[in-house]
Every structure is written in C-alpha cells, then in structure tokens.
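Welcome! Please take a look at it first, and then read on.

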Amino acid sequence: MTKRLLLGNDAFCEGLIAGGVRFYAGYPITPATEIAEAMSRRMPEVGGTYVQMEDELGSMGAIMGASATGVKSATASAGPGMALMQNELGQSIVAEIPLVVINVQRAGPGIGNATRSGQMEVMQSRYGSNGEVPAVVLSPSSVEEAFWLTVKAVNFSEMLRTVVIVLGEGMLGLQRAVVDLPDYDDIKLAERPRPSVQPDEFLGNYNANALSDVPPIADFGAGYKSILSSVGISRRGGGDISVLGLSEDDQDFTIRRLHQKILDRKNEITLFEQLMTEDAEIVYIAFGTQALSAIGAMHEARAKGIKAGVLRLITVWPFPEDIVRTCCAKARAVVVPEMNLGQVRLLVGSALANTGIKIVGVNRVDSITITPAQILEKTKEVLS
Amino acid sequence: MRTEIRFAGVGSQGMVSCSVILAEALGIVKDYQVVQTQEYAASISGGSAQGDVAFSDQKIIVPWVLHPDVLVAMAQDAVKQHAAAMRPGSCVIVDDIMVNDVSSFQKGVTIHWAPMTKLADDVGFRKCANIVSLGVFARLTGLLTLDEITRAVRARAPGRAETNLKALRLGYEVNLGTVAA
C-alpha cells in the first residue's frame, strides 16, 4: 500500500490502469483533462498506448478499434464531449465491445460552465443514444472510491461485453484526498469471454442462444473471422450477420438480449451503501458527491432524534428499484438531494409508485454543493 | 476534531496550490485525514479562486468546507465573497496590501493583517506571496512546524525551491498586526 495525496482524476486514471486498461485515446476537456494528462504519462510506463485524438468522436472510434483487438480500452470526457460521443457509445453497446468511458460532469447544458460541477447527466447516460440500448453506470462519491469503482467498471465491461460509464463530477475529479493504493497485482481482474473453439468452428462474435448469453468475442488478429457489427441486429445462434435475411425474431432477440444479459447479472453489478435504513422514517437517496452531504445530514438528524437513513446509489444504471423499495420499507418520506432538477427523484418516484411515501427533492443547479443543513431543513418541512 | 481552512484570492495567486501543499503537509507529513477541494472561475487568471482543506483525526464524511475556521484572504474580492461564511471564533489572515476593508466580517472573527505580498516582493517574486501565507498560517495556527510545512512545499512545489523556502521562512517569522472584528 502506498499512501498518497491523490487527485480524483488521477484516481480514475490509476483505476483504469489497475483494471488492466492499456489503451487510452483522449481529447482534453475541463474538468476531465487531468485524466488524459495522467494517462499520457502513465500508459508508456505500463506498456500501454496513449493517443491524443482530434476530438471526442475520434477518441471513441480509436478505443472501439483497440478493444476489438483484445486490449482493454478507455476514454474520458465531460458533458459536451459526452454529447458528441453518443453515436459511438450506442454502436459500441450494440456491437458488444467492452469499453469504459469516464464522464467528469461539468455544469449546465450546451458548453455549460467548464470549471463548475454538476450531476446533470443521469438521464443522458441511459438515454443519450438511439435505439433502446441499455446502460451500466457507476457513480463514485470519494477519491478512494473513484479508484476502486473504475477497476470495477473495467471488470463489468469485460464480463458483460458492454460499455460501462463511470459518472464522475468536477468536484470529485478536482478533489484530493489521502488514499492508500493497493498493489495492482493483487487485484482480481475479469476478462471478456473468448472463443473456446478452433477458428474454423467459430460462428462469429454474436453466437447467442439464450437472452442472458454474453457470447465469446474473438480478438482481431487472433486468427478468427471476427466481425463486429454496429447494426444492432444479429442472428440467433450466430453466423452471418449481414442485415439482409435477418428476421423480426432476430431483431427482437438481439434487442432483448442486450438488456437481459445485464439484468440477469444485476445482483453482481448493483452496488449501494445502506445506512440506518432499517428503522428510518425518512430516507435520503443520493449518488455521487451529494450522497456525502446526505450522510452528514443523516448524522445531524439522528442527533436530533429524527430517524433518518441513507441509500447511497453507487450503481445508478440499471436503476435498483428493488433496493429503493427495501430501504424505504418503513419510510414516511424520501428526500432526494441532487445537483440537477430531479432526475433521480423521477426514478425513485417510479420505484415507489403507489406506496404513499412522500418524495421530495433538494435540487441545485448553481454548481454549489447541497449542504447537510439544506437537507435537514427539507426533512423538517416534509415531516411536519 | 474537524477543522476547515480556506485560501481565497484571484486566479493566478496560487490559492489552489496553497491548499494542495497544506493538504500534503497535514495528510502525508502529519497523519491527519484530509480532503482538499477547489473552486475557480472559468476565466481562471483574474477570476475568483479558492482552495479548501478539511482535516480531522477521524474519517471525513462531508468533504466540503462550509464555515472555515481559518480563512486566508489575498484579495478584497475574496473578503467580499467569503466574509458571510465566517462564524464567531474563526480567524482570518488578510493581505495588508491587497485587502483594505474588513468591515464585512461579523463580530467575533479575529483578523490578522499580514504583509504577505510585501514579503514576496522582498524576496523578489510576488507570485510566492501564497507560500508566504503558508508560513504565516503554520506559525499562527501552530498546526505545523517550519520543518513540516517545508517538507510539503518541497514535495508539491519543487520549482524555484530557494525562492519558495525563503518566502516560507519570512512568512513563518513575521509579526502580525491583530485586531478583532
């Protein structure tokens, strides 16, 4: 273990490296730039490759190709860059190319406010691409968690053959904390399923028969006829993937499988922290940095005799409705603090539909953190 | 016990750097739990800039500095921006050239006037006024010895080492003019 004062963006970088990423293509953007900077320095040190791209589309294209050769690959960006990446993000998900993309969220729409922080891309992460693609999105709260969760993101992307987004925030990427980093050799890594048959018996990269299947993928250059398709429709049982001749059944099967392969492993990938929810009459549900203010508010509320609890969402997508329901079993009210106008509140509302539990938000879009005091104020209001 | 520190000024004065060096000193040279955060305007040079440090002997849950126990203010705008966050019992170190009006602090806030920019000029490099402020801070709070803060400056600001260390020492040895708000 090495104790270091580590920048959040450096923690993302080290998490990628510890997770086995050896190809990074990037384009700088505040507040994610330090990730590209660190990767440009670190990739050559660990035998990997860093490519400075001309833009975010180039970054995505480069990592799609690199991952197809079997090298774990990643990039990072912020809001406007993530908007540009949506086409390739969707294509990578349907082509089932394992990738990690880190979004260090800045504030606001459009170009937004580059140096300020926000949590406005919960819905973009899930619904930004066309054509009903699924999403796996993880959100760390602290610098130390930024490291470990990025390792997990790489592992999940390999296990599921999909893109995993790590949803960071400017105020985490540009935060420093003392962190004990482990010896990377001690970390357990996942590998994508690869063909167990000889090249002449290989039925292609989409040989799936059940909805939960994650089919083997052959590395480009390994001697297999390996074709990756961003069409998004493949034949049940593998084989020819040209669009011509594909049936309605193939389309139905493919789209459902892209979701089901993730949902069938939901227990493995749903990460959360549950604090004092057992007897909680008020539950704070939050993610990312703002969950820390929620935990602070919970301690203050308990000190005042209010039975408060916290559900900290670490896996944001697939959204853990069942966990939300379990944690709110005794709740009269739920407060959702988030630095947007209520994106997670909407999901919580859906999860708790018809329960009679009152659901309110504490929302800021001025880039200033929600304080424990604000959450407490809302608590008193909602319980009165 | 949790303590909150804020360095505030305008972009290019090195306020974020100050907070990083202090976090290194408290978290690595000493053995406190530390979180450092920062805020700066998109204009960067000349815009508002702040570097915050929260430290404790216990795990830090909420990383944000909301009510600093110590504020180092290197510009009048910083006083204007952060005065309201300061509570009675807290203290402020203000630069005696860059700041002239401290009437916005409430009663009970102790104000120390320190010649940080002037001492940096004496060293011949105004931009190391931030390092002077670290010296003033270390001595005034008694949190760090000159040797401890020196180790952090060496680790985090290795360039211009001679100038920086001279500035740090001048700050550490300065006599402060102190008034109560």
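How many residues does the contact take from chain B and from chain A? The contact takes 19 residues from chain B and 18 residues from chain A, where two residues are in contact if their C-beta atoms, placed from the backbone, lie within 7 Å. This is a predicted model, in which local features need pLDDT of at least 70, side-chain atom pairs count only at pLDDT 80 or more, and totals for chains, interfaces and linings use all residues. Residues are numbered from 1 along each chain as its sequence is written, while chains are lettered from A and ligands numbered from 1 in the order in which they are written.

**Confidence**

- The predictor gives the complex an ipTM of 0.94 and a pTM of 0.96.
- Chain B has an average pLDDT of 94, and 97% of its residues score at least 70; pLDDT is the predictor's confidence in each residue, from 0 to 100.
- Helices (H or I, at least four residues) and strands (E, at least two) are DSSP runs, numbered from the N terminus.

**Where the chains meet**

- The contact, with its 19 residues from chain B and 18 residues from chain A, draws at least two residues from each of helix 1 (15-29) and strand 2 (33-40) of chain B on the side that touches chain A.
- Strand 2 of chain B gives the largest share of that side, 7 residues.
- By type, the residues of the side of chain B that touches chain A are 13 nonpolar, 5 polar and 1 charged. Here Ala, Val, Leu, Ile, Met, Phe, Trp, Tyr, Cys and Pro count as nonpolar, Asp, Glu, Lys and Arg as charged, and the others, Gly among them, as polar.
- Strand 2 of chain B also pairs with strand 9 (residues 176-181) of chain A, in the antiparallel sense over 2 bridges; two strands pair if DSSP finds at least two bridges between them.
- Within this pairing, Gln36(B) is the bridge partner of Arg176(A).

- Strand 5 (residues 91-95) of chain B is mostly covered, with 5 of its 5 residues buried. A residue is buried if 20 or more other C-beta atoms lie within 10 Å of its own, exposed if 12 or fewer, and partly exposed in between, with C-beta atoms placed from the backbone.
- In a regular strand the side chains alternate between the two faces of the sheet.
- In strand 5 of chain B, Val92(B) and Val94(B) point one way, Cys91(B), Ile93(B) and Asp95(B) point the other way, and all are buried.
- Strand 4 (residues 70-73) of chain B runs parallel to strand 5 of chain B and is joined to it by 4 bridges, with Cys91(B) as the bridge partner of Val70(B).
- From strand 4 of chain B the chain passes through helix 2 (residues 76-82) of chain B to strand 5 of chain B, in a right-handed β-α-β crossover. Right-handed means that, with the strands pointing away from the viewer, the path from the first strand over the helix to the second runs clockwise.
- Strand 6 (residues 110-114) of chain B pairs with strand 5 of chain B in the parallel sense over 5 bridges, and Ile111(B) stands opposite Val92(B).

**An open sheet in chain A**

- In chain A, 5 strands form an open sheet with mixed pairing, in the order 10-12-11-14-15.
- Strand 10 (272-275) and strand 15 (358-363) of chain A are at the edges with a single partner strand each, so one side of each is left without a neighbour in the sheet.
- Strand 10 of chain A runs antiparallel to strand 12 (residues 308-313) of chain A, joined by 4 bridges; Leu313(A) is the bridge partner of Phe272(A).

**Backbone details in chain A**

- Thr30(A) and Pro31(A) are joined by a cis peptide bond, with omega about 5°; Pro31(A) sits in the loop between strand 2 (23-26) and helix 2 (33-45) of chain A.
- Another cis peptide bond joins Trp317(A) and Pro318(A), with omega about 0°.
- Arg161(A), a residue other than glycine, has a positive phi near 50°. Arg161(A) is buried, with 25 other C-beta atoms within 10 Å.
- Met276(A) is not a glycine either, yet has a positive phi of about 55°. Met276(A) is partly exposed, with 16 other C-beta atoms within 10 Å.
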